[in-house]
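Q: I have a new model open and would like to learn how to read its features. Could we go through it together?

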Amino acid sequence: MFVGDGELGKTSLMKKIIGLPFTKEETTHGINKKSWNEIKNSNNEEIKVNLWDFGGQHIQHSLHQFFLTEKVVYILLLNPRNDTNAMYWLEQIDKLGKDSEILIVYNWKNAKDKESHTSKNFYELRKTYPKLREPFLLSCKEGENFDSFKKELIKTILSQKDLLVQYPLNWFDIKKELEKDVTVNKNYIAYNEYDTICKNNEYTNEANKKNLLKQLDKIGSIVFFDKPILNDLQVLNPDWITTGAYSIITSEITNDKKGHLNYKDLNAIFKEEKSLFANKEIKLQYKEKDFQFIIALMTEYDLCVENPFEKNEYLIPCAFEGEKPKQFDVYKENSKQYRFTFESAFEMLIMYRFMARNISKCIKDGYWQSGIVIKDPHSETYALVETNQYSKIINFWISGANIRELWEVLRSHIKDINSKYSLKYKEQVLYFSQRDSKTVFFIL
């Protein structure tokens with residue numbers, strides 16, 4: 001899996017790995033996926049590798065949780081001149097892609113990039129992640145040091161323990177049939193269809209059937225969401241779901257309307273066929289029931305929510321814009337201040353999900369790019385909650401009659417959302433210190 005910020009050459013590197021010529025880098029709007037069939041193991045058996053290229057724009061990061069998986073190989077592309085966001089990506093992999101291998105690549109595009117590169121920051125990263133290997137400094141365009149990188153990548157892939165696991169033969173028969181059925185023409189199947197395929201191949205244990213879907217999801221053959229909302233549609237074409245979800249997130253309509261979408265907007269977004277990220281020549285047509293399903297999936301993951309103030313409208317918090325209106329500062333007056341301080345810069349992803357869960361309780365128009373004003377439904381108690389990107393902090397100002405009760409509710413939401421990421425954090429409250437004659441934060 002390829003991750004990194006901006007135009008660092010992820011797509012160019014992926015193409016070069018599979019033997020395609022160098023081309024001018026294009027922005028990855030979503031996820032690009034390619035198959036690589038060059039590798040063979042010691043028994044001369046072909047190893048099929050799925051390469052995923054994740055878009056680096058921040059608005060797309062909230063959807064990465066759909067696809068970042070455990071026990072895979074990540075290629076992290078960094079800028080030779082400025083790799084300050086390296087820690088952010090390493091934290092993403094650490095929390096969402098546990099037990100995975102990481103290869104760090106600095107891709108230089110011109111002589112100045114190459115000359116300005118320094119490993120100083122990398123060795124600082126290694127203090128936090130001691131298992132990081134030495135990085136690769138290479139050029140996709142010139143080909144310099146590419147062969148040594150590719151050799152190490154192949155070696156890393158062949159060392160994956162899952163390649164040594166012995167699976168029953170009917171497992172492969174089911175995999176082959178699923179990959180045949182889940183195509184651009186048939187993007188999902190009902191679970192009972194999958195059940196029938198398993199029965200026809202004498203694979204009937206329910207736990208094993210679920211584990212097989214999870215394994216196929218991990219290797220990129222399918223996307224499997226083990227969610228109650230998907231009881232009937234459990235098996236999905238990865239290209240179909242990624243193209244649809246990212247089309248909503250990155251649409252000009254979504255941007256222009258600042259994350260407010262109604263059915264007319266969704267119909268407009270999907271009016272034209274969508275080009276497959278992995279192959280621009282392949283077109284996908286989304287019907288209304290298709291994008292309804294995608295919206296429902298995004299809602300299940302707190303990436304989208306119905307607008308409580310506008311009928312038949314959806315809100316996408318990661319697409320909100322604007323700064324906090326100055327009049328909302330009134331909610332800081334006579335308030336008690338709490339905060340969550342995280343060890344990693346995931347505060348925006350947590351905030352987006354927190355906002356989605358609490359939009360129904362916010363005051364009218366009381367939300368913006370990085371904050372929300374919430375009213376306790378049972379009393380005249382208000383909470384102003386906001387953060388800043390890469391601050392690692394979410395602040396709460398709570399005022400009114402039931403401060404403690406509202407705080408307990410809101411902190412439980414943060415903790416529940418954080419259970420997905422398992423971040424270490426501190427809970428703090430602001431007090432006035434008589435000894436120091438100043439306000440200080442104390443750990444709860």
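This is a predicted model: local features need pLDDT of at least 70, side-chain atom pairs count only at pLDDT 80 or more; totals for chains, interfaces and linings use all residues.

Q: How many helices and strands does the secondary structure of the chain come to?
A: Residues are numbered from 1 along each chain as its sequence is written, and side-chain values use heavy atoms, with hydrogens and water left out. Helices (H or I, at least four residues) and strands (E, at least two) are DSSP runs numbered from the N terminus. Here the chain has 14 helices and 21 strands.

Q: What share of the residues of the chain counts as buried?
A: Buried means under 20% relative accessible area (1.4 Å probe, protein chains only). Of 444 residues, 52% fall in that class.

Q: Which residues of α14 are buried?
A: They are Leu 406, Trp 407, Leu 410, Arg 411, His 413, Ile 414, Ile 417 and Asn 418. The arc is taken from the directions from the helix axis to the C-beta atoms. These residues cover an arc of only 150 degrees, so they lie on the same side of α14.

Q: What is the strand order in the open sheet of 3 strands?
A: Two strands pair if DSSP finds at least two bridges between them. The order is β10-β14-β13, with antiparallel pairing. β10 (260–262) and β13 (305–306) are the edge strands, each pairing on one side only. Between β10 and β14 (residues 313–315) there are 3 bridges, and Asn 262 stands opposite Glu 313 in β14.

Methods. Buried means under 20% relative accessible area, exposed over 50%, partly exposed in between (1.4 Å probe, protein chains only).
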